[in-house]
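The sequence and the model are shown first, and the description of the pairs follows.

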Amino acid sequence: MAKKDNRFEVVFQDGSSIREEGQRQILVDTETGVNYLVWKFGYAGGITPLLDREGKPVISAVVRKD
């Protein structure tokens, strides 16, 4: 079986999905560098790109693992 590459990397995690505040994560797309905020609570959740003051997506430097 071929090795599965993870496209998204968790760079921040806080909270708990079983507690009232839910769990928050920041994911970085390892191909584009775009940062996403993920919120999970029980069976519910949401995802949105992080935006800067000008409304543009927050983009991290991408290090290629070739």
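In this predicted model, D14 and R24 form a salt bridge in which the closest N and O atoms are 2.9 Å apart. The two residues belong to distant parts of the chain, with D14 in strand β1 and R24 in strand β2, ten residues apart. Both ends of this pair are partly exposed, D14 having a relative accessible area of 36% and R24 one of 26%.

The structure holds four salt bridges, and those that share partners join R7, D29 and E31 into one network. D29 is buried, with a relative accessible area of 3%, whereas R7 counts as partly exposed at 36%.

R7 also forms a salt bridge with E31, for which the closest N and O atoms are 3.8 Å apart. Here the pair links the segment before β1, where R7 is found, to the loop between β2 and β3 (35-41), which holds E31, 24 residues apart. E31 counts as partly exposed, at 45% relative accessibility.

| Salt bridge | Closest N and O atoms |
|---|---|
| D14 and R24 | 2.9 Å |
| E31 and R7 | 3.8 Å |

Note on methods
Residues are numbered from 1 along each chain as its sequence is written. This is a predicted model: local features need pLDDT of at least 70, side-chain atom pairs count only at pLDDT 80 or more; totals for chains, interfaces and linings use all residues. Side-chain values use heavy atoms; hydrogens and water are left out. A salt bridge is a side-chain nitrogen of Lys or Arg within 4 Å of a carboxyl oxygen of Asp or Glu. Buried means under 20% relative accessible area, exposed over 50%, partly exposed in between (1.4 Å probe, protein chains only). Helices (H or I, at least four residues) and strands (E, at least two) are DSSP runs, numbered from the N terminus.
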